[in-house]
Amino acid sequence: MSGTFLGTPAFPTAARAALEDSQLRRNLAHATGTIRGKRAGVVGEVDEWEQLRLAGAAIKDRVLRHLPDYLEQLERSLTAAGATVHWARDAAEANAIVVGLAKAHGTDEVVKVKSMATQEIDLNSALENAGIHAWETDLAELIVQLGDDLPSHILVPAIHRNRAEIREIFLREMGSAGRAAPADLTDDPRRLAAAAREHLREKFLRARVAVSGANFAVAETGTLTVVESEGNGRMCLTLPEVLISVVGIEKVLPTFADLDVMLQLLPRSSTGERMNPYTSTWTGVTPGDGPQEVHVVLLDNGRTDVLADRTGRQALRCIRCSACLNVCPVYERTGGHAYGSVYPGPIGAILTPQLRGVGTDPQTDSLPYASSLCGACFEVCPVRIDIPEVLVHLRSEVVDAHREHRRVPSVQDMAMKAASWTLSSAARTGAAERAAGLGGRLAAKLGRPAPGGRTVLGAVPGPASAWSDSRDVPVPAEESFRAWWERTGRDEA
Amino acid sequence: MPRVGLMITCLNDALFPDTGRAVVTLLRRLGVDVEFPAAQTCCGQPMVNTGYLDDAVPLVRNHLDAFDGCDAIVTPSGSCAGSVRHQHHLVARRSGDPGLVRGVEQAPPTYELTEYLVDVLGVTDVGAYFPHRVTYHPTCHSLRMLGVRDRPVRLLRAVRGLTLLELPGASECCGFGGTFAVKNAETSIAMGNDKAHHVRSTGAEVLVAGDNSCLMHISGLLSRQRSGVRVMHLAEVLAATEPVISGRAERAAGPHSVGSATPDARTAVTPEAVTR
Ligand code: SF4
C-alpha cells in the first residue's frame with residue numbers, strides 16, 4: 001500500500017482482496033461490533049435522541065440554505081478576532097496557501113491535528129514536496145503515516161492494523177522520523193501509547209507551526225472547535241506560534257448555541273461516549289496566550305457543486321462521526337481501503353462521487369453501487385442523512401452520465417429497457433412467465449431437490465454465474481401466480 | 001365491503017407463486033374479499049435501485065392503473081411495499097408528468113402483509129398451526145424502510161405448535177440488495193454466508209421472512225451448503241393449518257430433509273430481541 005488512493009481499482013475488485021484477508025475481516029468485525037454496541041448503549045440513554053437528530057439536521061440545513069451569508073459572517077468574526085481568512089477553491093489552492101504560510105515562517109516542519117479536510121487535499125504530500133515535514137500527532141494517524149499506509153476509517157484510521165503490526169511499525173520507523181521507540185517495546189497498548197507520547201513530545205515542543213482542521217466553525221463569534229480523545233490536538237492548538245486551520249465551508253454553524261446540539265450528537269455517535277474527552281475552542285488570537293498568528297483556510301473543493309444538487313446536498317450535513325461506517329455490513333467486510341478515498345463507508349460512497357463528479361472514472365462510479373441499501377447507515381446518522389436515497393440518486397446520475405457519452409447502449413441499459421418493456425404490460429409479463437415456466441420444466445430435470453420439495457440449480461454458466469457461483473438458483477414455477485389465479489384462484493372463495 | 005387489491009410482486013408471481021396463494025388463503029380465512037388486479041406487473045424497484053428511473057416510469061404508471069379503484073393494496077413483500085411508498089414519488093417527479101405525480105399522491109394506501117393484518121384487521125392470531133422450529137429474519141426494508149417492528153413476531157408467536165428461535169444478528173442485512181447481489185457478488189455472498197451461519201446456529205428447521213427476494217439469496221446459500229434448513233415466506237406459515245413439512249417434501253429433499261436438522265439452540269425468542 002503506497003501513500004495514495006490513486007489507481008485503486010473499482011469497488012468490487014478492491015473488495016475482493018479484502019474479503020480474502022480473513023484476519024482483516026476478523027479485526028474489522030471485532031472493532032466495528034464493539035463500537036456499535038457502545039454507541040447503541042449511550043444513544044439508548046437519551047430519551048429525546050430523535051429530537052436531537054432532527055435539531056442537528058435542521059441546523060445544518062439552515063447553514064446550507066444560507067451558506068454564503070454565514071461564511072461572510074464567519075469571515076468578519078474571525079477577522080475581528082485577529083485571525084486571517086483565506087479562501088481556497090480547490091485542493092491546489094488550499095495546499096499552496098498552507099505551504100506558503102509555513103515557508104514564510106522559515107520552518108521545515110509542522111505538527112498536525114487529525115483532520116479529514118487536510119487528508120482530502122493530500123496536504124502532507126504537498127508539504128513534503130516543498131521540503132516541509134508534516135507530523136501527524138493523532139495516534140492512529142501516526143501509525144498510518146509511519147507505516148506509509150492509507151487511512152481506512154474516519155475516526156480510527158488504523159482500524160485495519162493490530163497491535164503486533166503497530167509495534168513493528170514503531171520499532172522500524174520511529175527512529176528515522178524522530179525519537180526512536182525503545183528497543184524492548186512490546187505490543188502492550190500502554191507501552192505503545194507511551195512510545196508514541198515520547199516520540200511526539202519533542203515535536204510538540206519544537207514545532208513553530210501547527211495545522212488543524214475544525215469540527216465546527218461558529219459564524220456568530222468566529223470560534224473554531226476541535227473535538228478529540230487524546231489531547232494531542234490540544235498540544236498542537238496551544239504550543240506553536242502559528243496555527244493554520246483548513247476548514248471545509250460546510251463546517252460553519254450559525255451560533256454558539258448550535259454547538260450545544262452538535263456536541264451532544266457527535267461523541268455518542270462516533271466513539272460511543274457521552275462526552276468526548278477534549279473539546280478545544282479558539283477564537284482568533286489572544287495576546288500572550290496560545291498561537292499569536294491564526295490563519296483559517298476556507299475550503300470549497302467541490303462542495304458548492306454538491307450544494308447545487310437538491311438530493312445530494314444532504315451529504316454536506318455530515319459531521320464525520322463515522323457511525324455509518326461502524327454499522328455498515330459492506331464496510332465491515334471490505335474495510336475502508338476498498339472505497340479508494342479518504343472518506344470510506346456509506347458516507348464515502350455518497351460524498352466522494354459528488355466531490356469528484358460522476359461519469360469520469362470507473363472507480364468513482366462504482367461507489368454508489370457499493371451498498372445493499374439496507375438502511376442501517378440512515379438509522380444511525382446523527383444528522384439524518386438519507387444515505388440510501390442519495391445512493392440511488394447517484395446511481396441514476398452514473399447511468400445518465402454514461403448514456404450521454406455512449407452511442408451504443410450498454411448491456412445493462414438494454415436489459416433494463418427490455419425488462420421495462422416486458423414488465424409494463426401484464427400480457428407481455430404473462431407470456432414471459434409462460435416461457436420461463438417451460439424453461440423451468442426443462443431446468444427441473446437438470447436441477448436437484450432442495451428441502452421443501454423445490455428444485456434448485458447449481459452453478460450455471462453465462463451471465464447468471466455471478467449469482468450461481470455460490471448460490472443455488474430457484475427454478476421458475478411451472479405455473480405463475482397469475483396463471484393460477486386465472487385458472488382457479490379467483491373463484492375459490 | 002372495501003376492495004382490497006393483492007399486489008403479488010413480479011418475483012413472487014414468477015418464482016414463488018405459493019406465497020401469493022398462501023396470502024389468498026390467509027386473507028379469505030380472515031373474511032377479506034381479495035382481488036388480484038390482473039394488469040399488475042412490477043413496482044419498478046429493480047430499475048430505480050439500479051439508477052434507471054426513466055425506465056421505471058411505465059411500470060409506475062402501469063401499477064397505478066392496475067390498482068385504480070382499490071381501497072387498499074396488500075403485498076407480501078416489505079421491499080416492494082417500501083418501493084411503492086418511498087420511491088414512486090421520486091420516479092413520478094423525475095418524469096415531469098403532473099398527472100403521474102398526482103396519481104402517486106392519490107394512490108390507495110399500500111400495506112405490507114403484517115401491517116395489514118395487525119393494524120387494519122386488528123388480528124395477531126390468524127388461526128395458524130405450524131408445529132416446527134422456526135427462526136425469523138426481519139428483512140432490511142421491512143425493518144427500517146417500513147418499520148414493521150414486532151408485528152411479524154407477534155403473529156408468529158400466536159401460531160400454534162410453532163417454536164420461535166432467536167436469530168443472532170437478526171437485524172443485519174443478508175446481502176441480497178437486488179443488483180448488489182450480482183454487481184458486488186463476493187461481498188454479497190460474504191454477508192449471506194454469515195447470515196446462513198447464524199440461521200444454522202439456531203437449530204431451526206425453517207427460516208421465515210417477509211421477503212422472498214432475501215430468502216432466495218439466503219436459501220441459495222443454505223442449499224449450496226446442503227444445510228437442510230428450509231426457507232418459507234411468513235405468509236405460508238401463517239396460512240398453514242396442518243403440518244406442512246410432509247412426507248413428500250422429506251422424500252424430495254432426501255437425507256438433507258428438515259427432519260434431520262439437529263436442534264442445538266432452543267432458546268425461545270422474545271419480541272424485544274427481534275425488534276430492537
Ligand atoms: S454520514 Fe452521518 S453517520 Fe456517517 S459520518 Fe456523516 S454524520 Fe456520521
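A salt bridge is a side-chain nitrogen of Lys or Arg within 4 Å of a carboxyl oxygen of Asp or Glu. The model on display is predicted, and this tour visits several such pairs, together with the interface on which some of them lie.

**Stop 1: a network of charges**

Select D400(A), R403(A), K417(A), D54(B), D55(B) and R94(B); these residues are linked in a network of salt bridges. Within this selection, look at D54(B) and R403(A), whose side chains meet in a salt bridge at 4.0 Å, N to O. D54(B) belongs to helix 4 (residues 53–66) of chain B and R403(A) to helix 19 of chain A, so the pair joins two chains. D54(B) is partly exposed, with a relative accessible area of 36%, and R403(A) is likewise partly exposed, at 29%.

**Stop 2: the whole interface**

Now show both chains. The contact takes 74 residues from chain A and 71 residues from chain B. Together the two chains bury about 6,000 Å², 57% of it on carbon and sulfur atoms. How many salt bridges does the rule find across the interface of chain A and chain B? It finds eleven. One that may be selected here is E379(A) with R144(B), where the closest N and O atoms are 3.7 Å apart.

**Stop 3**

Select helix 1 (residues 11–20) of chain A and helix 12 (residues 185–202) of chain B; their axes come within 8 Å and cross at roughly 35°. Here A15(A), R16(A) and L19(A) meet E186(B), T187(B) and A190(B).

**Stop 4: a serine at the interface**

Next, select S223(B), in helix 13 (residues 212–224) of chain B. Is S223(B) buried or exposed? Its relative accessibility is 9%, and S223(B) therefore counts as buried, the cut-off being under 20%. The side chain of S223(B) makes a polar contact with the side chain of D472(A), at 2.4 Å. Beyond its neighbours within four places in sequence, S223(B) is in contact with R448(A), A450(A), V456(A) and D472(A).

**Stop 5: pairs within one chain**

Finally, select R384(A) and E50(A), whose side chains meet in a salt bridge at 3.0 Å, N to O. R384(A) lies in the loop between helix 18 and helix 19 of chain A, and E50(A) in helix 3, so the pair ties together parts that are 334 residues apart in sequence. In chain B, D119(B) forms a salt bridge with R151(B), the closest N and O atoms being 2.9 Å apart. D119(B) is partly exposed, at 43%, whereas R151(B) is buried, at 13%.

Definitions and conventions
Residues numbered from 1 in each chain as written. Chains lettered and ligands numbered in written order. Predicted model: local features only at pLDDT ≥ 70, side-chain atom pairs only at ≥ 80, totals over all residues. Heavy atoms only, no water. Helix = DSSP H or I, 4+ residues; strand = E, 2+ residues; numbered from the N terminus. Buried < 20%, exposed > 50% of the residue type's maximum accessible area, 1.4 Å probe, protein only. Polar contact = N/O pair within 3.5 Å; in protein donor to acceptor, adjacent residues only side chain to side chain. Contact = heavy atoms within 4.5 Å. Axes fitted to C-alpha atoms, helices over the stretch in contact; angles between N-to-C directions. Buried area = accessible area lost by both parts, 1.4 Å probe.
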